[in-house]
Amino acid sequence: MDDVNGRGLLAVLDSASLHPVGEIETRGVFPHECQWQGDGKALVVVNSRSHSQGKRHADNPSSLVWLDPRSGKCLKQHFIKHADNGYAHLAQSGDGYYVLSGSHDSRKGARPLLAVLHPDDSFHVLDTAAVAPHPVQGEILSLYLDRAAANVVATFPGSSLVQEWNYRSGKLLEQTAVAEPRGVIYSPSLKELLVSSARGKDLLALDSAFHATTLVSGGMGSGSHLYRL
């Protein structure tokens with residue numbers, strides 16, 4: 001984030017030396033997550049807001065931006081005008097669906113955001129609070145997208161909750177309590193979802209019925225995301 005000029009930036013680094021070699025404007029502010037589009041032809045960026053200050057929420061939407069990685073040209077931008085701002089995280093399917101998550105800061109505190117951008121550019125906000133077993137707060141942090149089943153799993157660290165939704169239908173499928181869940185990923189060898197719990201620095205496994213069992217007790221840290229190497 002360029003606070004002086006009020007613009008979001010992607011830093012381009014040399015992969016060997018990690019020295020900066022350029023930058024790309026993101027056409028928004030507070031960019032959080034950047035991914036390659038599935039075909040590798042564009043960078044997809046989530047801007048949490050459009051302007052750095054002095055705007056009402058309705059006039060300061062989050063946006064999803066597709067950028068040419070060589071020229072920095074904006075290929076497409078979708079403004080989330082009919083929803084609260086604060087989207088930060090992204091998961092994409094292979095058939096044109098984009099799932100976004102984050103949190104919206106209000107006078108009552110931060111509340112979770114989870115929504116789906118459909119291939120026809122329609123935008124569907126999922127009402128995570130209405131189906132939760134207790135009041136939810138904070139952000140939705142990590143997303144795991146199961147393309148074959150069209151499902152997405154989301155972690156709620158501040159609410160100690162994990163939910164699974166069908167991103168095409170917008171239907172809640174499962175939810176379970178996990179103490180401060182952060183990262184989520186699927187293990188092909190175990191054929192189970194893995195979730196990191198910051199409370200005890202544990203690694204948990206979720207079976208098909210969404211029952212959690214401890215796989216590794218302690219020593220797993222309290223980072224935000226899980227990645228396979």
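1. Basis. The model is predicted; local features need pLDDT of at least 70, side-chain atom pairs count only at pLDDT 80 or more, and totals for chains, interfaces and linings use all residues. Residues are numbered from 1 along each chain as its sequence is written, and side-chain values use heavy atoms, with hydrogens and water left out.

2. Strands here are DSSP runs of E with at least two residues, and helices are runs of H or I with at least four, numbered from the N terminus. Strand 3 (residues 29-36) pairs with strand 4 in the antiparallel sense over six bridges. Two strands count as paired if DSSP finds at least two bridges between them. Pro31 has Asn47 of strand 4 as its bridge partner. Six residues lie between the strands of this hairpin, and Gly40 takes a positive phi near 75° there. Strand 4 also pairs with strand 5 (residues 62-67), antiparallel over five bridges. Val45 has its bridge partner, Val65, in strand 5.

3. Cover on strand 4. Six of the seven residues of strand 4 (residues 43-49) are buried. Buried means under 20% relative accessible area, exposed over 50%, and partly exposed in between, with a 1.4 Å probe and protein chains only.

4. Nonpolar cores. The largest core has 18 residues, of which Val99, Leu114, Leu143 and Tyr167 touch the most other members. Strand 9 (109-117), strand 11, strand 12 (151-156) and strand 13 each give two or more residues to this core. Strand 12 supplies the largest share, three residues. A second, separate core of 14 residues includes Val46, Leu64, Leu90 and Ala115. A core is a set of buried Ala, Val, Leu, Ile, Met, Phe, Trp, Tyr and Cys residues joined through side-chain atoms within 4.5 Å.

5. Aromatic pairs. There are four in the structure. The Tyr97 and Tyr167 rings have centres 5.4 Å apart and planes at 55°, so this pair is tilted. Tyr97 sits in the loop between strand 7 (87-92) and strand 8 (98-106), and Tyr167 in the loop between strand 13 (161-166) and strand 14 (171-177), so the pair ties together parts 70 residues apart in sequence. Both are buried: Tyr97 at 13%, Tyr167 at 0%. The rings of Tyr144 and Tyr186 are stacked, because their centres are 6.2 Å apart and their planes at 20°. Tyr144 is in strand 11 and Tyr186 in strand 15 (residues 181-187), so this pair links parts 42 residues apart in sequence. Tyr186 is partly exposed, at 30%. Rings of Phe, Tyr and Trp (its six-membered ring) pair if their centres lie within 6.5 Å; planes under 30 degrees apart are stacked, over 60 edge-to-face, and the rest tilted.

6. Ser142. This residue lies in the loop between helix 1 (128-131) and strand 11 (143-146). Ser142 is buried, with 4% relative accessibility. Its side chain makes a polar contact with the side chain of His225 at 2.8 Å. The side chain of Ser142 also reaches the backbone oxygen of Ser224 at 2.9 Å. A polar contact is a pair of N or O atoms within 3.5 Å; within protein, one must be able to donate a hydrogen and the other to accept it, and residues adjacent in sequence count only if both atoms are side-chain atoms.

7. His82. The loop between strand 6 (74-80) and strand 7 holds His82. His82 is exposed, at 57%.
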